[in-house]
Amino acid sequence: FHGEPTWPFLWRKVIPPVRDAGYRCIAPDYAGFGRSDKPTDLGWYTYDRHVELMALLLEELDLRDATVVVHDWGGPIGLRLAVEHPDRISRIVIMETGPFTGHQRMSDAWFAFRDFVRDNEDVPVGMLVRGGCKKDPGDAVVAAYDAPYIDGPSKAGARAFPLILPTTPEATGAIAAAATDSSAYARTELS
């Protein structure tokens, strides 16, 4: 599961060797990201809705014994799915993420990012991706991250994500995320 403000283009170099090793790879877009539908109302986007949509995907594809890879903001969604759907998810690869229970300390830089994204309808997705890379990915890659977004309103999903993550224990979604604490992973093989 991808992070913010990326989309499955992120996995373009990871999927081919995994697929070539004989594994089925599925890289879904969240609603509002990449090539998915893009509701323009910020209020449409909720943590629970993203989890529900990904749960529907698991069911529609009838995935069983799956390994999920969660990165960045894909963690709160994917970790919750693993706990709520143990019949479908057997293993988790966790990269730079967590369950976002509201107990995690959010840095001043994160709050500045949240405020920047909230306050800019035409979020510069490619610029944010470039700024998050250790090595400049180049103009073609930045353009690819920008490509699915035709205008400011189409970026509502990228704007909404920072606003829906639980940053306090009382925030919407924090209780469900708390159910995904590390003790819940006892039945799951962690990678």
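This is a predicted model: local features need pLDDT of at least 70, side-chain atom pairs count only at pLDDT 80 or more; totals for chains, interfaces and linings use all residues.
Which residue in β2 stands opposite V69? V93 does. Residues are numbered from 1 along each chain as its sequence is written, and side-chain values use heavy atoms, leaving out hydrogens and water.

Start with the strands. Strand β1 covers residues 66-71, and strand β2 covers residues 89-95. The two run parallel and are joined by 6 bridges. Strands pair when DSSP finds at least two bridges between them. V68 also has a bridge partner in β2, namely I92. Helix α3, residues 74-84, belongs to the picture too: β1, α3 and β2 form a right-handed β-α-β unit. Right-handed has a plain meaning here. With the strands pointing away from the viewer, the path from the first strand over the helix to the second runs clockwise.

Now step back to the chain. It has 8 helices and 3 strands. These are DSSP runs, numbered from the N terminus: helices are H or I with at least four residues, strands are E with at least two. Along the sequence the pattern reads α-α-β-α-β-α-α-α-α-α-β.

Next comes overall form. The chain has 191 residues, for which a compact globule would have a radius of gyration near 16 Å; the chain has 16 Å, so the two agree. This radius is taken over C-alpha atoms, and the globule rule is 2.2 Å times the number of residues to the power 0.38. Along the principal axes, the C-alpha atoms fill a box of roughly 45 × 40 × 30 Å. The chain exposes about 9900 Å², and carbon and sulfur atoms supply 54% of that area. Accessible areas come from the Shrake-Rupley method with a 1.4 Å probe; for residues, only the protein chains shown count as cover.

What share of the residues is buried? The figure is 44% of the 191. Buried means under 20% relative accessible area, exposed means over 50%, and partly exposed lies in between (1.4 Å probe, protein chains only). Contacts, meaning heavy atoms within 4.5 Å, tell of the fold as well. Among those between residues at least 6 apart in sequence, 73% join residues at least 24 apart.

In soluble globular proteins, nonpolar side chains tend to be buried together. Here the largest nonpolar core has 37 residues, and I77 and L81 have the most contacts inside it. Such a core is a set of buried Ala, Val, Leu, Ile, Met, Phe, Trp, Tyr and Cys residues joined through side-chain atoms within 4.5 Å. Its largest share, 5 residues, comes from α2. Beyond neighbours within four places in sequence, L81 is in contact with F1, V51, M54, A55, L58 and I89.

Helix α2, residues 47-60, also holds H50. H50 counts as buried because its relative accessible area is 2%. Setting aside neighbours within four places in sequence, H50 is in contact with Y30, A31, Y45, I77, F161 and I164. One of these, Y45, sits in the loop between α1 and α2. Y45 is buried as well, with a relative accessible area of 3%. Y45 and A31 are 14 residues apart along the chain, and their C-alpha atoms are separated by 8.3 Å.

Move on to helix α4, where F113 lies. Apart from neighbours within four places in sequence, F113 is in contact with E4, W73, L128 and P162.

A few backbone details remain. Most residues other than glycine have a negative phi, and most peptide bonds are trans. The peptide bond from E4 to P5 is cis, with omega near 0°. P5 lies in the segment before α1. D72, in the loop between β1 and α3, has a positive phi near 55° without being a glycine. E96 is not a glycine either, and its phi is about 50°. E96 lies in the loop between β2 and α4. Its relative accessibility is 67%, so E96 counts as exposed.
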